[in-house]
Amino acid sequence: MNTAPEPPGPGEEERSAPPTGTPPEGAGDAPEGTRRPDTGEEDMERLFAELLETSARENQGARPYINYTYAPNGTVNSGAVHGDQRVENQHGPTGGGARRIRAREGPIPAAEILDAGFGFAEPDWFPRALEQLDTRILFLTGERGTGRRTAAINLLSRHSGGGLSLRAVDDTENLADWRPTGTGVDGYLLDGLLPAYLGPGMIGNLRRLLAEAGARMVVVLADEPGQTLTLERDLHLTPVHCAPPPPRAVFDTRLAAEVPDPAERARVLARFAPGLLDALLTAELVPAQVVEVVSAVVAATDAADAAGLRDRLSFLAEREAPELLGKLADDPEALAFALATCVFEGHDHRIVREQADRLLTLADGRLHSLLPAGPDRAMGVDRTHGPGEPPHTNPDFALHRSLDELLRLVGARIAPKEVRTGLRYTYTVEPVHFTRHGRGTAVLRYAWRQYGRISALLTDWLGGVAARDENELMVPAGRVIGLAASWGGGRRALQHIHELARSDAARCRFIAAYALGMAAEDPVLVTEIKYRLREWSRQRGWQVRTTVAYACATDFGAARPDLALRLLRRMLRTLDDEHERTVGRAIREALLALFTSGSQSLVFEELAGWTEGGGPDAELALGLLPELLLRDPLWFQERLRDGDAYAATTVALIRRALADERLYPSVGRALLSWCRAARWEPAERAALDILLTTLAQGMGVGELRLFVDIDRHGDPELPGREAAHTALARWRSGPPRAAGTGAAPAGADTHPHGRT
């Protein structure tokens, strides 16, 4: 297993620092001259960058360039990993765990294709759909949750003989104008096409284009009668209806994949009371819910876990939300605590309690069902009582509700202490979880849809989270605000997000970015979101342009890398204004996030193009190179070993960065980290040798400076040192002269860059 670049030992930088200036610690953070003063706004930007980096590692498993081990109550395997092993690090609150990003445009990751085929229960209509796919295009309809996308991916993969070269097509694409990307793609998935984009005469041309490219396409549609009628009447197509297999069949197939050994499978099922699984696997369950049952069954390690199976199934929480809110209607403190737990489930109980208290204060009586008349009010609640009126509870009483009582009232519990690891330090939390999995989302959805006045209160409350030292609260706050956009609907569904997006406060723009990414999961809302982002990216206001960049750094951009890069392109006006530099830093974080989310080739091609165009985009792109070399060195090293088109571009950009006085410290540090990391990895050493050999063929000031730094490094066994020493010796001896050319002209300097 590869490890992150090895940090220098104590005093190593001092020993290796040559007169030409290996940068001091921290010099790689930003080019010289672009340092900015510490302010609250910029602290928030750094915290947001940390969140993105952590999120990228959780969702994609990317190798971090800061290496550490986190294994509370676990065993560390420090040897090589050769399959059938799984290592997971926890970073911050987990909540329901990291969400896998679904590609909405561009290449569909192999992991998603393999996941779709894992434990896939083939429905009765699957062979018929495979035959219809022979016509090059298949329209698949079905309700959400019925496994439409999973089935579509399996159809494309199966038809191509298990191929993993599939691409997602933007769901707002007009198929009349669409063209395949080229050869080598087995299939295209268009998930969520709207009827407005279907037109007569389109299908024949589409089939011809797909046949020329040797590919197929599956178009996934919502199961709407009007849409189906349009297909049959205007396009003369009969879509295949995605009816899921019986829940029991899905359960058996998935369980067999999760637990292949029949004897072990029988032991797992024996933990559960007779009839319990049959009672849960009712006919109305969709495949996603059945998979959740299987996961809970496999996770049950003993009889106690098996007995609590129902509490871990999120789809049962929908039925209980009205009952819970009704029970808490006359208890504002418990109601505020319940809502805070809904949003911040999985966070420390102290944070949940603080946010509940803040919500109660902000509500100013809006969570109190009874308000007796009187002159003296605190938090919107009357403290005085008329003659003969029974005393009322004082809402300001410090010991009003104990934590245990609040937990019991809302149906939650405190999990055992966890040690969580941030980028700078570790800390201990006691996370709050509902006893019923999925209750938080169910309660919030029910409250938002059924009680109109709660939406404004929750928006005000969530827009005020994420104080400086609680940056992790931005993610759950943005998630809920984004979900609320689909719960509310209507022409103003995104209004509350827009208000946050144009705020001067960085935390509001971060929350808006996460909210947009979550709201884009809605196939209808995503069209407006794309429209708004394109519109905002062209506006003069720096706030909304910053929000666009932040949105491209979230799951929204990772699922649509082509769109994200188009939005980021030419969004920066200048680097001479502080507000524009804020936009530039947001664009930088977005590009880094896209690069580490699996779109390395797309991002690198885009940045290479930026460097050729000049202007602030070129300066930003070249300044980002050192960070990219550190974030994913393996990608660059593989390109160098393969010698593909990216290899030449990589070397050319490294040369430009080495020659730039402001960039040399950071790019030099990145390449020295490559040298240290190559000590134990032959493949990395081979790539390093290729790079240094290529750089030695054209010795400018930057290359010479790099070789001097490597040659004078304090570690005598440093990989690359021999290549640097050889290059310097050849340079000192001067260029070879052909026979008979004579000596150099008098006064000529054969070493224009000086000697070492």
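Which residue in strand 5 is the bridge partner of Phe139?

**Figure 1. The whole protein chain, with its helices and strands.** In this predicted model, the protein chain has 34 helices and twelve strands. Of its 756 residues, 51% are buried. Among the contacts with a separation of 6 or more, 70% are between residues 24 or more positions apart. The chain exposes about 34,700 Å², and carbon and sulfur atoms supply 51% of that area. No disulfides turn up in a search of the whole structure.

**Figure 2. Strand 2 and its two partners.** Strand 2 pairs with strand 5 in the parallel sense over six bridges. Within this pairing, Val219 in strand 5 is the bridge partner of Phe139. Strand 2 also runs parallel to strand 6, to which two bridges join it. There, Thr141 stands opposite His241. Is strand 2 mostly covered or mostly open? It is mostly covered, with six of its six residues buried. On one side of strand 2 are Ile137, Phe139 and Thr141, and on the other are Leu138, Leu140 and Gly142; all of these are buried.

Figure 3. Strand 3 (residues 166–169) and strand 4 (residues 187–191) pair in the parallel sense over four bridges. Two residue pairs show how these strands line up. Leu166 has Gly187 in strand 4 as its bridge partner, and Val169 stands opposite Leu190. Strand 1 and strand 3, by contrast, run antiparallel and are joined by two bridges. In that pairing, Arg167 in strand 3 is the bridge partner of Pro107. Leu166 and Ala168 point one way from strand 3, while Arg167 and Val169 point the other way. All four of these residues are buried.

Figure 4. In soluble globular proteins, nonpolar side chains tend to be buried together. The largest nonpolar core of this model has 143 residues, and the members that touch the most others are Leu568, Ile587 and Leu591. Apart from that core lies another, of 24 residues, which includes Leu166, Leu189, Val220 and Cys242. Cys242 counts as buried because its relative accessibility is 3%, under the 20% limit for that word. Leaving out residues up to four places away in sequence, Leu591 touches Leu565, Leu568, Val603, Leu607, Trp610, Leu620 and Leu624.

**Figure 5. Leu629 and the residues around it.** Leu629 is in helix 28 (residues 615–631). Why does Leu629 count as buried? Its relative accessibility is 0%, so Leu629 counts as buried. Residues up to four places away in sequence aside, Leu629 touches Phe636, Ile654, Val667, Ala670, Leu671 and Trp674.

Figure 6. Helix 18 (residues 454–463) is largely enclosed by the rest of the structure, because eight of its ten residues are buried. The buried residues are Ile454, Ser455, Leu457, Leu458, Thr459, Trp461, Leu462 and Gly463. Which helices do the buried residues of helix 18 pack against? They pack against helix 14 (332–344), helix 15 (349–363), helix 17 (439–450), helix 19 (474–488), helix 20 (495–501) and helix 21 (506–519).

Methods. Residues are numbered from 1 along each chain as its sequence is written. This is a predicted model: local features need pLDDT of at least 70, side-chain atom pairs count only at pLDDT 80 or more; totals for chains, interfaces and linings use all residues. Side-chain values use heavy atoms; hydrogens and water are left out. A disulfide is a pair of cysteine sulfur atoms within 2.5 Å. Buried means under 20% relative accessible area, exposed over 50%, partly exposed in between (1.4 Å probe, protein chains only). Contact means heavy atoms within 4.5 Å. Accessible areas come from the Shrake-Rupley method with a 1.4 Å probe; for residues, only the protein chains shown count as cover. A nonpolar core is a set of buried Ala, Val, Leu, Ile, Met, Phe, Trp, Tyr and Cys residues joined through side-chain atoms within 4.5 Å. Two strands pair if DSSP finds at least two bridges between them.
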